[in-house]
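Hi everyone, thanks for coming.

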Amino acid sequence: VATYEGLDFMLRSGQYDQLRNLGCVVIDEIHMLDEEQRGPRLNGLVHRIISMFPKVQLIGLSATIKNPKRIAHDFNMKLVEYKQRPVPLERHLIFAKSEYEKRDLLGKLAKKEYNTKSSKGYHGQTIIFTNSRRKTHQIAQSISKHNITAAAYHAGLSYSKKLKIEKDFAEQKISTVVTTAALAAGVDFPASQVLFETLRMGNKWLTNNEFSQMIGRAGRPTYHDMGKVYLIAELDKEFDGQSDEQTAIDLLDS
């Protein structure tokens, strides 16, 4: 099991004796080909594997890919598509008049979800995405006033602290985790609901692919009957020449 960069280094440096009997390579999240920084590296890696191990079976996996036929053609793969989502996903768009109203909505939605049990006997749990570590703590503290348990989760926490939050969430002791959009790809909480406090990742608007990955965190087959996504756009709020409202609509259209 390796990162793209780790395997690429192994192949480039000639340290691949242990891969002599390589029969199958699974490339998870192959849509990363479109990513500005890692994409070219992954593209080179795939071509290098094909060149060095011409008989290897190559399997690319993605839930959010926009050009599967092109990728299958480029890498001489057979395209297999599963269009059915195991858990249906509802998408909602809410407009808030202010930051205060937005925080209030986050608390109410998280509380309502936790008070709802699925047919499999699990409370609904929530992931809230925001765009800074500081805001994860502010939001968690704010929505705790609705008598729900919430925890801030970000890369700045110690390993043991993050592990405890993950365990408590899995055991349904925490109703809501507030995390940064930057951690979206790595967050693996069994949540039924995803709330977007912001539509920005750092200082950039979310891309269609990032958005698709994040909403995919809502709803698990063994836990939930339905996944829910709420985008909360603030009226008259703009960033980089584009409004919250328009960005939300564009992301949902994508």
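Let me start with helix α7, which gives the most to the lining of the largest pocket, with six residues. Helices here are DSSP runs of H or I with at least four residues, strands are E runs of at least two, and both are numbered from the N terminus.

Please keep in mind that this is a predicted model, where local features need pLDDT of at least 70, side-chain atom pairs count only at pLDDT 80 or more, and totals for chains, interfaces and linings use all residues. Residues are numbered from 1 along each chain as its sequence is written, and side-chain values use heavy atoms, with hydrogens and water left out.

So what is a pocket? On a 1 Å grid over the protein atoms alone, a pocket is an open set of points where a 1.4 Å probe fits, with protein on both sides within 12 Å along at least five of seven lines; lining residues have an atom within 4 Å of a point. A volume is the space filled by probe spheres set on the points, which are joined across faces, edges and corners.

The largest pocket holds about 1,800 Å³. Among its 46 lining residues, Ser62, Ala63, Thr64, Ile65 and Tyr82 are the closest to the centre. Besides α7 (208–215), at least two lining residues each come from β2 (57–60), α3 (68–74), β3 (89–96) and α8 (244–253).

Now the second largest pocket, with about 1,300 Å³ of space. Its lining has 37 residues, and Tyr4, Glu29, Met32, Glu35 and Arg38 lie nearest the centre. Helix α7 turns up here too, supplying at least two residues, as does α1 (4–12).
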